[in-house]
Amino acid sequence: MKRTLAIAAAAAAGVLLATQSSLPAQASPGSTFDSTSNPVLFVHGYTGDATNWNTMAGRFRTDGWPSSYLDQWSYDWRQSNATTAQQLSTEVDRLLTATGAAKVDIVSHSMGGLSSRYYLKNLGGASKVDAWVSLGGPNHGTDSANSCFDTSCTEMRIGSGFLAALNSGDETPDSPRYATWWSPCDTVINPDSSVSLSGATNTKTACLSHTGLFSDATVYAQTRDMINH
């Protein structure tokens with residue numbers, strides 16, 4: 001009798017396991033586009049352009065974001081980050097009008113984090129941005145900027161007046177959700193600790209290059225889930 005019950009229990013367990021294995025995997029919360037998702041404005045860095053975001057934007061499209069919600073924006077990276085921030089303000093307003101959304105999410109790489117932070121802090125952007133992401137941003141400067149002389153680059157130098165003003169007081173002001181990602185193998189941002197901001201969610205990545213931060217699949221998934229939370 002006991003043997004019969006054991007056989008029956010084993011058979012039932014096998015059926016249960018087979019049933020569970022045949023069920024579709026459930027998407028993790030926030031992993032796909034829905035009615036609460038915001039348009040995404042991508043801001044490239046020094047010497048970059050809109051094409052830097054092709055891989056990441058393509059992944060967003062695969063996860064359901066319509067192309068009209070993915071703005072791979074370009075600007076003159078030689079100019080002051082304050083000037084770029086003013087142009088960014090105009091682009092945010094254009095994107096909101098085009099999509100009918102109430103807020104945008106900003107995903108920045110490298111120096112793109114500085115102009116977008118300036119926009120949030122000084123130009124009223126905090127009321128129009130839900131989530132802000134910095135991938136390898138020189139938020140407290142980098143010694144790599146000592147060898148270039150464009151206005152934007154000198155603003156990235158450790159101890160610059162631009163950064164002193166940007167980082168004064170609250171580094172993550174007002175209501176947006178702030179997050180940074182930094183790589184221990186990023187040779188462009190030195191020191192590594194420059195990226196992290198007080199009040200932000202700061203994430204260490206695998207050993208990625210500076211440009212690898214915007215093409216890595218894991219960083220993409222984490223960024224997607226953070227902004228779509």
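A disulfide is taken here to be a pair of cysteine sulfur atoms within 2.5 Å. In this predicted model, C185 and C207 are joined in this way, with a distance of 1.8 Å from S to S, and the link is left-handed, with -110 degrees about the S-S bond. The pair connects distant parts of the chain, 22 residues apart, since C185 lies in the loop between β5 (177–182) and β6 (201–204), while C207 lies in the loop between β6 and α7 (217–227). C185 is partly exposed, at a relative accessible area of 28%, whereas C207 counts as exposed, at 56%.

By this rule the model has two disulfides, and the other one is formed by C148 and C153, whose sulfur atoms are 1.6 Å apart. Here C148 is buried, with a relative accessible area of 14%, and C153 is buried as well, at 0%. When the bonded cysteines are numbered in sequence order, the pairing reads 1-2, 3-4.

In soluble globular proteins, nonpolar side chains tend to be buried together. The largest nonpolar core of this model holds 30 residues, and L41, L88, I106 and Y119 have the most contacts inside it. Several elements each supply at least two residues of this core, among them β1 (40–43), β3 (104–109) and α4 (112–122), but the largest share, six residues, comes from α3. Leaving aside residues up to four places away in sequence, L88 touches L41, V43, W73, I106, S115, S116 and Y119. A second, separate core has 22 residues, including L70, W181, L208 and L213.

Conventions
Residues numbered from 1 in each chain as written. Predicted model: local features only at pLDDT ≥ 70, side-chain atom pairs only at ≥ 80, totals over all residues. Heavy atoms only, no water. Core = buried A, V, L, I, M, F, W, Y, C linked by side-chain atoms within 4.5 Å. Buried < 20%, exposed > 50% of the residue type's maximum accessible area, 1.4 Å probe, protein only. Helix = DSSP H or I, 4+ residues; strand = E, 2+ residues; numbered from the N terminus. Contact = heavy atoms within 4.5 Å.
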